[in-house]
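Let's take a walk through a protein chain together. Have the sequence and the 3D view open as you read.

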Amino acid sequence: MADIFEKCFEFTAVEEIKEKGVYPYFHALQSRQDVEVIMEGKRRIMLGSNNYLGLTTHPDVIEAGVKAIEKYGSGCSGSRFLNGTLDLHLQLEHELAEFLGKDEVVTFSTGFQSNLGIISAIVGRHDYVICDRENHASIYDGCKLSFGRMLRYKHADMEDLEKQLQSVPESAGILIVTDGVFSMGGDIAKLPEIVELAKKYGARVMVDDAHGLGVIGKGGRGTASYFGLEDEVDIYMGTFSKSLASLGGYMAASERVANFVRHSSRPFIFSASITPASCATALAALKVLREHPELPDNLQAISARARKGLLDNGIKIRMSDTPIIPIYTWEPEATLIRAKQLYEAGVYVNTVLPPATAPTECLLRTSYMATHTEALVDEAVGIIAEVLSHPIEL
């Protein structure tokens, strides 16, 4: 009889990377998540956060969380179905639906769980779900949890998307799911073309706007707003853990779809609800965004400055119009070494390795916040340019 733990004993990659001194994960923060952090005893410029609007340190957001704990306690200890619905949850859902221009919003305990809960509820046994190959892992797992069949199309390849659509039986329901802003590359989905193909083949469209909310669109309303396609996208999914500086996720859709998901989605029905503090901080962050629609513009400006600085220094980047700016490092070992060098020089970035990329297209993912100053961005770009100017000694 085989030992089910055999795969665990054979997994030695972590030990091998640690022995080389280039393990890039689980660095411990000793300060707030901000543009500058103390990480393992040293100041680092944070270029590896999804805190796009910089609201994790906003005084109104912090105050809202403190007051919520004082009023409601630390947790809800139950699902939304039973004892876990607060008036705060209903307020957050109402205000977010109003902000996004959809009938209703359903909140989930995490962003990852949102994709699991939405897709597994909507895609039934005889349905098809069609995904961009570079979609987030939670979308893939949502497809696995459903009883439908998943098809994939080459990244941003509309000819391949149409080919997949043509392969679906006419009797089957179809849900096309795409990231709005792709989390690793920072590029924006070809939503106008996707919507056009969806209409042609009778499909519905779902956009994962985890990295789009607060980043693009009118006042930060996301990818559909960016293209003026708010009425053409059937489901928005998003998170509170990025621009809204909290924890949790949501689905925005029509009243009938929202009601169906509330009563059919196992990840929603059988999970404890968002904690009071997380709910209150997301509400407060949404209020800040609504009152300061210039924040996404500030984010775009600081990201453009970083992009220009990297290009001016001859650094090979993956082009985008978002605050996600990946730097090509090509090979896994080179990526690990460069990440360590930058970390030691005072800049934190994220390593992107297979399976998140092809083996020869590894990246250092840098991301920016509306609260980064020009001086701080210039300092970080200077450090990156200096580190990357030296050849790697393997």
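## Before we start

This is a predicted model, where local features need pLDDT of at least 70, side-chain atom pairs count only at pLDDT 80 or more, and totals for chains, interfaces and linings use all residues. Residues are numbered from 1 along each chain as its sequence is written, and side-chain values use heavy atoms, with hydrogens and water left out.

## The whole chain

You'll find 15 helices and 13 strands here; these are DSSP runs (helices: H or I, at least four residues; strands: E, at least two), numbered from the N terminus. The C-alpha trace spans about 60 × 55 × 50 Å along its principal axes.

How much of the chain is buried? Of its 394 residues, 54% count as buried, meaning under 20% relative accessible area with a 1.4 Å probe, protein chains only. Now for contacts (heavy atoms within 4.5 Å): among those with a separation of 6 or more, 69% come from residues 24 or more positions apart.

## Zooming in on Ser 183

Where does Ser 183 sit? Look in the loop between β6 (174-179) and α8 (191-201). Ser 183 has 9% relative accessibility, so it counts as buried.

Which residues does Ser 183 touch, leaving aside its neighbours within four places in sequence? Ser 183 is in contact with His 136, His 211, Ile 324 and Arg 365.

Methods: Buried < 20%, exposed > 50% of the residue type's maximum accessible area, 1.4 Å probe, protein only.
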